Amino acid sequence: MKSPDLSVQLAPRNKRGLLLSNPVLTASGTFGYGTEYAEVIDIQRLGAIICKGTTLKPRPGNPQPRLWETASGVFNSIGMENIGIDALIKQKAPLWAKWKVPVIVNILGESIEDYASLAKRLGKVAGVSGIEVNISCPNISAGGMEFGASPRSAAEVTAAVRAKTTLPVIVKLSPNVTDITKIAFAVEKAGADAISLINTLKGMSLDIKTRKPVLGNVSGGLSGPAIKPVALYMVYQVAQTVKVPVIGCGGIVSVSDALEFIMAGASAVQVGTANFTNPRAPLDIIAGIERFMKKEGIRRVTELIGVAL
Ligand SMILES: Cc1cc2nc3c(=O)[nH]c(=O)nc-3n(C[C@H](O)[C@H](O)[C@H](O)COP(=O)(O)O)c2cc1C
C-alpha cells in the first residue's frame with residue numbers, strides 16, 4: 001500500500017489556509033518556541049508547533065512553586081511568563097521563517113484591545129502561520145479565561161482578532177464553563193477558522209504539613225492523562241456543534257489517545273504535558289497513526305475524523 005495521506009487542512013474557510021503534513025501539533029506552553037526542542041527531536045516532522053502564550057509586554061509569571069505533580073496529571077500556575085510580542089517578532093519569527101514546520105502563535109490579552117493589537121502585529125510577520133487565541137488561561141488575574149467564560153465575551157475577542165488579521169485564527173476554549181458548545185458556537189459565528197480545546201482544568205493541592213496550598217498562586221491548571229476523558233467528551237460535543245475544524249487537546253500521551261480524539265471529531269490533536277516526560281511523544285504518535293492506517297487500510301487520515309459521531 002502507498003504511504004497513507006496524513007495531511008489535514010485546519011483553516012478551510014481561510015484564503016491563506018493552514019495545511020499541515022500531519023495532524024499532530026505541540027500544545028502551547030509545553031514546547032517553548034520550538035527552538036528548545038530542535039536538538040532533541042526532528043521538529044520539522046511535526047504537524048505544527050504552537051508557541052508559548054504571548055502578551056504585549058513581557059511577563060515574569062506567578063510566584064513559585066508553579067508546577068506540581070498530581071495523580072495522573074500536573075498542576076501549573078505559570079501565569080504567562082513570556083518574552084512579549086516585540087522579542088518574539090525580532091528573535092523567534094526569523095528562525096521560524098526558515099522552517100518547514102508551521103508555527104502558530106498563542107496570544108493572550110488583558111483586554112479585547114490587547115488581543116486586537118497582538119493580532120495586528122502578527123499579520124504580516126514571516127514565519128507565523130496562524131494565531132491561537134487563548135481565552136482559557138486559568139492562571140492570571142485579568143484576561144484569559146475571563147473572556148472564555150461567556151459566549152458573548154468569547155465572540156467579542158474572536159471578532160476583534162478576526163478584524164485585524166487575515167491569518168488563520170484558532171480559538172482555544174476553556175473546560176471551566178457550564179456548556180462549552182455554546183462558547184464554541186459563538187466563536188465560530190464570530191469568525192474563528194478552527195477551535196482548539198481544552199485548556200487546563202482549574203484546581204488546587206494542599207500540603208498537610210504546612211497546611212497551606214502548595215502552589216504559590218493557590219490554584220493552578222490541571223493537565224495530563226487525568227483530564228483526557230473530560231477533554232474527549234468536550235471534543236465529541238463541540239465537533240457536533242460547529243462546522244469548522246476542531247483540534248483536540250488534553251492528556252494525549254499515546255497513539256490510541258490521539259486516535260480516540262480524531263474519531264471523536266478532532267481534525268488534529270495537540271500534545272502537551274507528555275512532552276515533559278517524553279519529548280519524542282508527538283513523533284511517536286505520528287508514526288503510530290501511520291502504522292494504524294496501514295494496518296486498517298485507510299488511505300487518508302481525514303477518513304477517520306468523527307467516525308464515532
Ligand atoms: C506548563 C504549562 C504551560 C502552559 N502554557 C499555556 C499557554 O501559554 N497558553 C495556552 O493556551 N495553554 C497553555 N497550557 C495548556 C496546554 O497547552 C494544554 O491545553 C493543556 O496542558 C492540556 O493538554 P495536556 O494534558 O496534553 O497537557 C500550558 C500547560 C502547561 C502544563
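This is a predicted model: local features need pLDDT of at least 70, side-chain atom pairs count only at pLDDT 80 or more; totals for chains, interfaces and linings use all residues.
1. Tyrosine 115 belongs to helix 2 (residues 112–122), whereas phenylalanine 147 belongs to helix 3 (residues 145–148), so the pair ties together parts that are 32 residues apart in sequence.

2. Another of the aromatic pairs consists of tyrosine 233 and tyrosine 236, which are stacked, with 6.5 Å from centre to centre and 25° between the planes. Both tyrosine 233 and tyrosine 236 lie in helix 6 (residues 228–239), and because they are three residues apart there, about one helical turn separates them. Tyrosine 233 has 49% relative accessibility and counts as partly exposed, and tyrosine 236, at 30%, likewise counts as partly exposed.

3. Phenylalanine 147 also takes part in a polar contact through its backbone: its backbone oxygen lies 2.9 Å from a polar atom of the side chain of serine 153. Serine 153 has its place in helix 4 (residues 151–164), and at 16% relative accessibility serine 153 counts as buried.

4. Turning to the ligand, the model places it in the largest pocket, where 24 residues surround it, the closest being Ser28, Lys172, Gly224, Gly251 and Thr273.

5. A polar side-chain atom of threonine 273 lies 2.6 Å from an oxygen atom of the ligand, and a polar backbone atom of glycine 224 is 2.8 Å from an oxygen atom of the ligand. For asparagine 199, a polar side-chain atom lies 3.5 Å from an oxygen atom of the ligand, a value that stands at the 3.5 Å cut-off for a polar contact. As for cover, the ligand taken alone exposes 600 Å², and the protein buries 96% of that area.

Methods. Residues are numbered from 1 along each chain as its sequence is written. Side-chain values use heavy atoms; hydrogens and water are left out. Helices (H or I, at least four residues) and strands (E, at least two) are DSSP runs, numbered from the N terminus. Rings of Phe, Tyr and Trp (its six-membered ring) pair if their centres lie within 6.5 Å; planes under 30 degrees apart count as stacked, over 60 as edge-to-face and the rest as tilted. Buried means under 20% relative accessible area, exposed over 50%, partly exposed in between (1.4 Å probe, protein chains only). A residue is near a molecule or strand if one of its heavy atoms lies within 4 Å of it. A polar contact is a pair of N or O atoms within 3.5 Å; within protein, one must be able to donate a hydrogen and the other to accept it, and residues adjacent in sequence count only if both atoms are side-chain atoms. Accessible areas come from the Shrake-Rupley method with a 1.4 Å probe; for residues, only the protein chains shown count as cover. On a 1 Å grid over the protein atoms alone, a cavity is a set of points where a 1.4 Å probe fits but cannot get out, and a pocket is an open set with protein on both sides within 12 Å along at least five of seven lines; lining residues have an atom within 4 Å of a point. A molecule sits in a cavity or pocket if more than half of its atoms lie within 2 Å of its grid points.
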